[in-house]
Amino acid sequence: MPKTTPAKARHYSLFFFFHPRRLAVVVSLLLFFSSSKSSQHETHRINYSGGIRFARAKAKLNIKSSGIDMVHASHILCGQNRTLCEDVMEWLEPLAENEAMRPKLEMGFEELARRFSRCPTGKRNGGDLGYFPRGEMTKDFDAIVFSELAAPLHKPVGPHQTSNGFHVIMVHDRHLANAEMREQARIATEEAKKKREESLDRNMKKEQAKQERKGARAQARQERKSTHDEF
């Protein structure tokens with residue numbers, strides 16, 4: 001078996017690092033984090049806008065009181081390119097090891113989604129799918145994001161293959177409703193339905209009374225006109 005010389009080994013390592021796809025991932029992260037040196041800019045990126053934070057907090061509050069399973073997740077869709085997902089995971093995993101690095105992990109995930117994801121949410125939202133209920137996505141995708149084992153919170157996982165291709169996925173929040181929550185939601189839904197029906201019934205009665213008064217006035221005018229014509 002031929003021996004690998006130091007020169008050849010160096011060549012192989014350089015080829016591995018400067019592979020176009022791998023280099024693109026590296027350059028994306030380097031450019032992104034170098035542009036985040038300013039503490040003011042970084043704080044802005046970490047906190048997002050006040051409107052987004054408020055919307056997410058409101059959505060989370062409503063979801064926690066609901067009786068359905070909901071999850072908030074982001075993803076990077078690599079199509080059939082499993083190697084790209086592996087490269088993305090290689091660069092995100094070190095950031096996921098330290099809780100203090102979570103803001104940089106989330107920002108790095110967003111940047112990579114904007115540059116490489118084949119899903120429209122990549123460029124539009126940095127891969128953020130927002131909150132969605134069980135059953136809205138494909139079954140194989142749901143099986144990942146709704147599983148605490150397959151997708152721990154705030155940890156990038158992948159590559160995971162679904163009917164749409166390979167993904168890197170990160171779950172931000174997960175709400176799994178228990179039996180009590182489902183019963184409370186059922187009762188609340190029935191009460192809301194009852195109120196809507198009662199309101200509709202009241203409106204129909206008001207409209208009916210209005211039409212009756214209108215008909216009575218028209219009949220009274222007709223009677224007065226007939227009486228006037230007689231004289």
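Reader: How many aromatic pairs does the structure hold?
Author: This is a predicted model. The structure holds 2 aromatic pairs.

Reader: What kind of pair do Phe 132 and Phe 141 form?
Author: A tilted one. Their ring centres are 6.4 Å apart, and the planes make an angle of 40°.

Reader: And what about Phe 132 with Phe 146?
Author: Phe 132 and Phe 146 pair edge-to-face. The centre-to-centre distance is 6.4 Å, with 90° between the planes. This pair links distant parts of the chain. Phe 132 is in strand β2, while Phe 146 is in the loop between α8 (139–145) and β3 (157–162). They are 14 residues apart.

Reader: Are Phe 132 and Phe 141 buried or exposed?
Author: Both Phe 132 and Phe 141 are buried. Phe 146 is buried as well. Ring pairs join Phe 132, Phe 141 and Phe 146 into a cluster.

Reader: What lies over the face of Phe 146?
Author: Arg 134 does. It is 4.4 Å from the ring centre.

Reader: Which residues are on each side of β1?
Author: Met 70, His 72, Ser 74 and Ile 76 are on one side. Val 71, Ala 73, His 75 and Leu 77 are on the other. All of them are buried, and both faces of β1 are covered.

Reader: Why do the side chains alternate like that?
Author: In a regular strand, side chains alternate between the two faces of the sheet.

Reader: Which strands does β1 pair with?
Author: One is β2, residues 128–133, in the antiparallel sense over 4 bridges. Another is β4, residues 165–175, also antiparallel, over 8 bridges.

Reader: Which residue in β2 is the bridge partner of Val 71?
Author: Phe 132. That Phe 132 also belongs to the ring cluster with Phe 141 and Phe 146.

Reader: And the partner of His 72 in β4?
Author: Asp 173 is the bridge partner of His 72 there.

Reader: What joins the side chains of His 72 and Asp 128?
Author: A polar contact of 2.9 Å. Asp 128 is in strand β2.

Reader: Why does Asp 128 count as buried?
Author: Buried means under 20% relative accessible area. Asp 128 has 12% relative accessibility, so it counts as buried.

Reader: Which backbone nitrogen lies 2.7 Å from a polar atom of the Asp 128 side chain?
Author: The one of Gly 130.

Reader: New topic. How many disulfides are there?
Author: The structure holds 0 disulfides.

Reader: What about the cysteines: is Cys 78 buried or exposed?
Author: Cys 78 is buried, with a relative accessible area of 0%. Cys 119 counts as buried too, at 16% relative accessibility.

Reader: Zooming out. How many helices and strands are in the protein chain?
Author: It has 9 helices and 4 strands. Along the sequence, the pattern is α-α-α-α-β-α-α-α-β-α-β-β-α.

Reader: How much of the protein chain counts as buried?
Author: Of its 231 residues, 32% count as buried.

Reader: Last one. Among contacts between residues at least 6 apart in sequence, what share joins residues at least 24 apart?
Author: In the protein chain, 69% of those contacts do.

How values were computed:
Residues numbered from 1 in each chain as written. Predicted model: local features only at pLDDT ≥ 70, side-chain atom pairs only at ≥ 80, totals over all residues. Heavy atoms only, no water. Buried < 20%, exposed > 50% of the residue type's maximum accessible area, 1.4 Å probe, protein only. Helix = DSSP H or I, 4+ residues; strand = E, 2+ residues; numbered from the N terminus. Pairing = 2+ DSSP bridges. Phe/Tyr/Trp six-rings, centres within 6.5 Å; stacked < 30°, edge-to-face > 60°. Lys NZ or Arg CZ within 6 Å of the ring centre and 35° of its normal. Polar contact = N/O pair within 3.5 Å; in protein donor to acceptor, adjacent residues only side chain to side chain. Disulfide = S-S within 2.5 Å. Contact = heavy atoms within 4.5 Å.
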